[in-house]
Amino acid sequence: MSDEREEHYFTADPTAPFQRAAVEATVWGHDLRLVSGSGVFARGRVDIGTSVLFRETDPPAGGRILDLGCGYGVIGLACAVAAPSATVTAVDVNQRAVLLANENAASLGVADRFSAVTPEEVEPGASYDEIWSNPPIRIGKAALHELLLTWLPRLVPGGRAVMVVGKNLGADSLQRWLDDQGYPTGRLASAKGFRVLEARRPATS
């Protein structure tokens with residue numbers, strides 16, 4: 001099971017047999033009943049990092065939100081449910097993840113404000129007030145940096161990215177790197193071996 005999770009969740013078309021698994025979670029005071037699946041990150045559970053992210057933050061107030069590396073959609077769906085004025089775009093290279101996230105949006109009644117797509121399907125000029133993510137650290141540092149430099153520029157001036165990263169997976173060095181790239185980054189919380197980072201796109205003068 002761990003091999004399936006680590007090897008296939010960032011694959012566009014996983015080879016593992018597709019089996020759905022229910023997930024129940026209470027996030028920011030809202031009960032979520034979701035469905036995850038094999039070949040998608042954190043099948044059958046909310047992973048520890050995402051749990052830390054939820055516990056150590058308040059939900060967004062609204063606006064345009066990007067769930068980057070959405071998996072079965074738990075972060076973006078929690079944002080959509082907790083912030084009725086939010087419009088959420090969830091992005092993942094994994095086609096099963098996109099399918100599950102959209103199914104979950106429909107079951108939660110937020111499909112009118114939540115859309116899961118592959119990166120190629122995102123409107124080129126789309127911008128976001130906030131990015132929320134448990135980023136796929138295991139794709140490697142170079143690929144992760146490329147991923148972040150692709151999406152962080154889509155933040156509006158003054159917008160923010162909220163990310164949870166394992167300390168042992170390079171959270172502190174990532175924080176320094178984000179600073180060096182021109183996205184001032186602070187630590188919102190540290191718990192259970194994870195850092196919750198907030199990176200800002202500077203407001204234009």
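Predicted model: local features only at pLDDT ≥ 70, side-chain atom pairs only at ≥ 80, totals over all residues.
**Entry 1: the main core**

I started with the nonpolar packing. The largest nonpolar core holds 39 residues. I wanted to know which residues have the most contacts inside it. They turned out to be Trp-28, Phe-114 and Trp-132. As a general note to myself, nonpolar side chains tend to be buried together in soluble globular proteins.

**Entry 2: around Trp-28**

Next I picked Trp-28 and listed what it touches, leaving out residues up to four places away in sequence. Trp-132 is on the list, along with Phe-54, Thr-57 and Asp-58. Trp-28 also touches Pro-59 and Pro-60. Ala-78, Cys-79 and Ala-82 complete the set.

**Entry 3: salt bridges**

How many salt bridges does the structure hold? I noted nine. In general, side chains of opposite charge can pair when their charged atoms come close.

*Arg-64 and Asp-129.* Their side chains meet in a salt bridge, 3.4 Å from N to O. Where do the two residues sit in the chain? Arg-64 is in strand β3 (residues 63-68) and Asp-129 is in strand β6 (residues 128-133). The pair is 65 residues apart, so I marked it as a link between distant parts of the chain. Arg-64 has a relative accessible area of 37%, so I put it down as partly exposed. Asp-129 is partly exposed too, at 25%.

*Arg-55 and Glu-56.* This salt bridge has its closest N and O atoms 3.9 Å apart. Arg-55 counts as partly exposed because its relative accessibility is 47%. Glu-56, at 33%, also counts as partly exposed.

*Arg-200 and Glu-198.* Here the side chains meet at 3.6 Å, N to O. Is Glu-198 buried or exposed? Its relative accessibility is 16%, and buried means under 20%, so Glu-198 counts as buried. Arg-200 is partly exposed, with a relative accessible area of 35%.

Methods. Residues numbered from 1 in each chain as written. Heavy atoms only, no water. Core = buried A, V, L, I, M, F, W, Y, C linked by side-chain atoms within 4.5 Å. Buried < 20%, exposed > 50% of the residue type's maximum accessible area, 1.4 Å probe, protein only. Contact = heavy atoms within 4.5 Å. Salt bridge = Lys/Arg side-chain N within 4 Å of Asp/Glu carboxyl O. Helix = DSSP H or I, 4+ residues; strand = E, 2+ residues; numbered from the N terminus.
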